[in-house]
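Open the model in your viewer and keep the selection tool ready. The tour goes stop by stop.

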Amino acid sequence: MKSFRFALVLSPVVFFLFSCKQKGAAPAAEKAPTKVNASSKEHFEKGNDYLFSDDLENARKEYLASYEADTTNWKAAYELASVLSLLGDFGNAHTFYNRTVELNPKFATGFYSKANLEEMVGDEKGSERSMRHALELKKDMYMAVLTLGRKEYAKKNYKMAIRYFDTAVSIRNDFYMVYNMRGSCKYSIGDVAGAIADFDQEIKLFPNHSRGYVNRAVAYGEQKNYRAAINDLNEAINIEPLWSQGYIYRGLYYIKMNTKDSACGDFRMAYKLKNPDAEAYSKQYCQ
């Protein structure tokens, strides 16, 4: 039998959903003492107005004018970098993020934004270095903790990833994806009971997250608790009935329970949904 593919959800997009909360006014520890001249301030405020109205091109022009009027204005450099990134001008965005942290080396959010851009363009080492710098400056920067945990998971450094996720939970304990990721790490090192506890919490926080049920089902399957696994897969399929892999998982657990007819029904459904493994499982178990 083919091994189960663990249904880990680690989309970087989820992490960026929280980044807006990091961006607002710089905390006192991040502020650099600067005196901005009147022209730079005027252009900066115009840039903000354009940005808030989604006019990125004019925002770019005004932030650039603000920076050119005062090349020590780190806020103008930061906002210019952010707009350039949104416009897809990653090279110049990186230049201005570098300029931002050069002007204000205590600006943790600047390092965090720089790290996100570096990851986007494939500079993984640079991204990790910048993210660690952000966390050194602001130890409770939630998104930096999560991102570093995700990076450790990607490198299969599961115990280190768990430490980051433990820290994340200590900062705030209401984000379901932290439990998804920590549970996945625990499963990977053989702590199945710990993984189930985390998936329990994930489902409690987000009852309609189908992958939470799938993850817990796989963990139950590891414990040979196939009935519990099938119950969880029933929930997952109710939430996401067109996700073919759910039927594959459930079919395989029906096979474990010697319920061939139910298993073959699931494999047939997976085949209708164009799952690439469905035909092979049908041939193996249903003929």
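Start with a search of the whole structure: it finds one disulfide, meaning a pair of cysteine sulfur atoms within 2.5 Å. This is a predicted model, in which local features need pLDDT of at least 70 and side-chain atom pairs count only at pLDDT 80 or more, while totals for chains, interfaces and linings use all residues. Residues are numbered from 1 along each chain as its sequence is written, and side-chain values use heavy atoms, with hydrogens and water left out.

Select Cys264 and Cys286. Their sulfur atoms sit 2.0 Å apart. Cys264 lies in helix H16 and Cys286 in the segment after H17, so the bond ties together parts 22 residues apart in sequence. Helices here are DSSP runs (H or I, at least four residues), numbered from the N terminus. Turn to the S-S bond of Cys264 and Cys286: its torsion is about -105°, so the disulfide is left-handed.

Now show the surface. Is Cys264 buried or exposed? Cys264 is buried, at 7% relative accessible area. Cys286 is partly exposed, at 25%. Buried means under 20%, exposed over 50%, partly exposed in between (1.4 Å probe, protein chains only). Select Cys185 too: it is buried, at 0%.

Next, select residues 260-272 (H16) and 278-285 (H17). These helices pack at about 155°, axes 8 Å apart. That makes H16 roughly antiparallel to H17 (the term covers angles over 145 degrees). Axes are lines fitted to C-alpha atoms over the stretch in contact, and angles run from 0 to 180 degrees between N-to-C directions.

Terms used: Helix = DSSP H or I, 4+ residues; strand = E, 2+ residues; numbered from the N terminus. Parallel < 35°, antiparallel > 145°, perpendicular 65-115°, else oblique.
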